[in-house]
Amino acid sequence: MENKVELKVLDISNSQAQAGAYAMVLGEVEGTRQLPIIIGPAEAQATALYLKGIHPPRPLTHDLFATTVSALGSELLRIYIYKAIEGVFYSYIYLKKENDIFRIDARTSDAVALAIRLNAPIFISETLLEKECIRIEEERILDPEEESRSLEALKEALEKAVKEENYELASLLRDKILQKK
C-alpha cells in the first residue's frame, strides 16, 4: 500500500489560469509541498466563509450535507485525492456507519469543503503529490548577497513557469518576488 500524505487548506485566491475560477492551495501538514486545485466560485466562497468563521443565515449545500451525515449517524473518516488528469483532481470521501465503510466519488472541492466542516483529514498518495505539487521553500534569514541570488532564482523560476504555462506556480512565484522587493 502506498504512503499517504496529509494535507490542509492553506489559501483560496483568484485563479490566474482561469477567469472566474479560484485556486485552493492545499499544503502538506508536515512539509513544504503545496497542491493548487482550481475550483469554482461557489465552492471557493463556501469554503472561504467557513474558514473565516462566517456562518450564513441559511445552510449552504456543504453545511446541509455535513448535517445529513451526522443526522444519519455516520462519520466522515477521511478524504482521499486519488488521481489527477489534465489538472482535474478526483477524490473519494470515506463515510462510516456502524461497522460499514462507504467510499463515495466526489469533486475534490466538495470533498475538502466537507472535510473542514467535519474535521476529517485530507489525504493524497505520495506519488500523486510529488507529481502535481509545487515546492515553497521555508522562510529563512539571508544575507544581502544570498538574498540577491535568491531573488534571481525566483525570477528564473517565474520565467520557466510562464513558458510552461504553469500559471498557478507563476502566480505564487510572482507574489514571493513582490514580497522580497
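A search of the whole structure, a predicted model, finds three aromatic pairs. In one of them, the rings of Tyr82 and Tyr92 are stacked, because their centres lie 4.0 Å apart and their planes meet at 10°. Tyr82 belongs to strand β4 and Tyr92 to strand β5, so this pair ties together parts 10 residues apart in sequence. Tyr92 also pairs with Tyr94. Here the centres are 6.3 Å apart and the planes stand at 75°, so the geometry is edge-to-face. Ring pairs join Tyr82, Tyr90, Tyr92 and Tyr94 into a cluster.

| Residue | Relative accessible area | Class |
|---|---|---|
| Tyr82 | 23% | partly exposed |
| Tyr92 | 15% | buried |
| Tyr94 | 14% | buried |

Two arginines lie over ring faces. Arg78 covers the face of Tyr94, 4.2 Å from the ring centre. Arg103 lies over the face of Tyr92, at 4.1 Å from the ring centre.

Helix α2 spans residues 61-71; His62, Asp63, Ala66 and Val69 are buried in it. They cover an arc of only 125° around the axis, so they sit on the same side of α2. Thr61, Leu64, Thr67 and Ala71 are exposed on the other side. The cover over the buried residues includes α1, β4, β5 and α3. Gly73 follows α2, with a positive phi near 75°.

The largest nonpolar core has 31 residues; Leu7, Leu26, Leu35, Ile81 and Ile124 touch the most other members. Its largest share, five residues, comes from α3. A second, separate core holds eight residues, including Ile134, Ala161, Leu173 and Ile177. Beyond four places in sequence, the contacts of Leu35 include Leu7, Phe89, Leu129 and Cys133.

Note on methods
Residues numbered from 1 in each chain as written. Predicted model: local features only at pLDDT ≥ 70, side-chain atom pairs only at ≥ 80, totals over all residues. Heavy atoms only, no water. Buried < 20%, exposed > 50% of the residue type's maximum accessible area, 1.4 Å probe, protein only. Helix = DSSP H or I, 4+ residues; strand = E, 2+ residues; numbered from the N terminus. Arc of directions from axis to C-beta. Contact = heavy atoms within 4.5 Å. Core = buried A, V, L, I, M, F, W, Y, C linked by side-chain atoms within 4.5 Å. Phe/Tyr/Trp six-rings, centres within 6.5 Å; stacked < 30°, edge-to-face > 60°. Lys NZ or Arg CZ within 6 Å of the ring centre and 35° of its normal.
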